[in-house]
Amino acid sequence: MSYAGFPLTDEQRETVALFRNFGERVFDADSVHRWSFDQGLPDEVVQEFAELYFSVVGEKASAADSIVIQALILEELCRCAGAALPFQTDLFGLQIMEAFSSKKAFEVVLQDYRENGRVMFALAVTEPQAGSDTRNMKTFVKTVDGKLILNGKKTFVNNGEYAPNLLVAAIDADAESDDERFPQLSFWLVPRTLSGISAVPINKIGQSMLPFANVSFEDVELSPTYRLTGDGIGFPRLFDILQRGRVFTCAASLGMAQAAMEDATRYASQREAFGSTIDNFQQIGQMLTDMEVKLWNMRSLVYQAAEKIASDAPDKRLAAALMKRYVPEAATQVASDAMQILGGIGYTDDSRISHIWQDCRGNQLAEGTDQIMVRIASPLIVKKYTEE
């Protein structure tokens, strides 16, 4: 089995088949519509996912060398659902937790996820005035009158209203940074019910199964036990983990674009106009051809970036930036072209392609915008071609 000329191992092929069976059985159109309205998946679905997931990855549930398998899983499930799913944010949250917490603390989180299918925290990193510039983070923890006090704001916190805990990235105002380029970064696993925490939902135009919130912290008193105490080294370590999050985002975009392509080709082969099915029209044929080119390119970039991250290749950062620069935008274009092929019906709420377009468009903003990827990639490209 080969995807766009990219060969899969027997293990990878079996994994895709396993999650395809799960996805096609669970994510029927009526269920996806209902769960999008409800802004989340029911317990039985996430629990079954967790059971399948751990049967495949075992104890490497968030390790870097599992990232190719994780990308394949996310691609396949988003293809089946034709929607962005909570699994990508869950897996990314586990990556952060593992990187910055002690092994003992991470095992508790992992076991809870294995049993319940829901990560026990909402990840709070992005800020309203920082966005893709994570180093511009303003949320901070500082000792005041002998107490640890948290202040700041976070945005696009998935499940921020409902998760029992918040995994908060904050500047440690009490500590001097080991790296003069960045302030000292700390992570805190904070109970959401603490006094001074407020969460307000964000009304997005897409990605309905991911209920995002703005979360504010006003003089929140923390216990020292909330601090993660792993070996993660501040901002450089966070930037490294963000590359994995970009793989997950792009894998989801790829899966949704594939779903849009399948819907468009099915419609074009059945819809008759002027005495012929419209797939025989040259204009439609050209659109389908260009869409397929984008899918091949997307899949190649996603798989290569995942493999480079898994093997810790020297050019993994460039691979991830090039992938994130191209894939979400290309996926949005594939969904837009699919909508055009369906005509007016594609622009209605009854068509899943209209929802795919909205979800793919959101991924152009997630995990670093398309434009920020240029800022990351261009110096690496210059270095590649000017150094011996």
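1. Valine 141 is buried, with a relative accessible area of 1%, and the residue lies in strand β4, which covers residues 140-144. The model discussed here is a predicted one. Once its neighbours within four places in sequence are left aside, valine 141 is in contact with Leu148, Ile149, Leu150, Ala170, Ile171, Asp172, Ala173, Asp174, Trp188 and Leu222. A further position to look at is alanine 175, which stands 34 residues from valine 141 along the chain, with 10.0 Å between the two C-alpha atoms.

2. For the chain as a whole, the secondary structure comes to eleven helices and eleven strands. The radius of gyration is 21 Å, close to the 21 Å that the globule rule gives for 388 residues, so the chain is as compact as a globular protein of that length. Taken along the principal axes, the C-alpha atoms fill a box of roughly 80 × 55 × 40 Å.

3. Two further values describe the chain. Of its 388 residues, 52% count as buried. Among the contacts with a separation of 6 or more, 74% are accounted for by residues 24 or more positions apart.

4. Glycine 234 is found in helix α7, a helix that runs over residues 234-270. With a relative accessible area of 11%, glycine 234 is buried, the cut-off for that class being under 20%. Not counting residues up to four places away in sequence, glycine 234 touches Phe100 and Leu185. Proline 183 is 51 residues from glycine 234 in sequence, and the two are 8.3 Å apart in space, C-alpha to C-alpha.

5. How do α7 and α8 pack, and at what angle? Helix α7 and helix α8, the latter made of residues 282-310, pack at an angle of about 155 degrees, with their axes 10 Å apart. Since angles over 145 degrees count as roughly antiparallel, α7 and α8 are therefore roughly antiparallel to each other. The crossing in which α7 passes α8 is left-handed.

6. The residues that make this contact can be followed on both helices. On α7 they are Gln243, Arg244, Val247, Cys250, Ala251, Leu254, Ala257, Gln258, Met261, Ala264, Thr265 and Ala268. On α8 they are Ile284, Leu288, Met291, Glu292, Leu295, Met298, Arg299, Val302, Tyr303, Ala305, Ala306 and Ile309. Sorted by class, the contact of α7 with α8 has 18 nonpolar, three polar and three charged residues.

7. Helix α8 also packs with α9, at an angle of about 155 degrees and with the axes 8 Å apart. These two helices, α8 and α9, are therefore roughly antiparallel to each other, and α8 passes α9 in a left-handed crossing. By class, the contact of α8 with α9 has 20 nonpolar, three polar and four charged residues.

8. Leaving aside its neighbours within four places in sequence, serine 351 is in contact with Leu342, Ile345 and Gly346.

Conventions:
Residues numbered from 1 in each chain as written. Predicted model: local features only at pLDDT ≥ 70, side-chain atom pairs only at ≥ 80, totals over all residues. Heavy atoms only, no water. Axes fitted to C-alpha atoms, helices over the stretch in contact; angles between N-to-C directions. Helix = DSSP H or I, 4+ residues; strand = E, 2+ residues; numbered from the N terminus. Parallel < 35°, antiparallel > 145°, perpendicular 65-115°, else oblique. Left-handed = near helix turned anticlockwise from the far one by under 90°. Contact = heavy atoms within 4.5 Å. Nonpolar A, V, L, I, M, F, W, Y, C, P; charged D, E, K, R; others polar. Rg over C-alpha atoms; globule rule 2.2 N^0.38 Å. Buried < 20%, exposed > 50% of the residue type's maximum accessible area, 1.4 Å probe, protein only.
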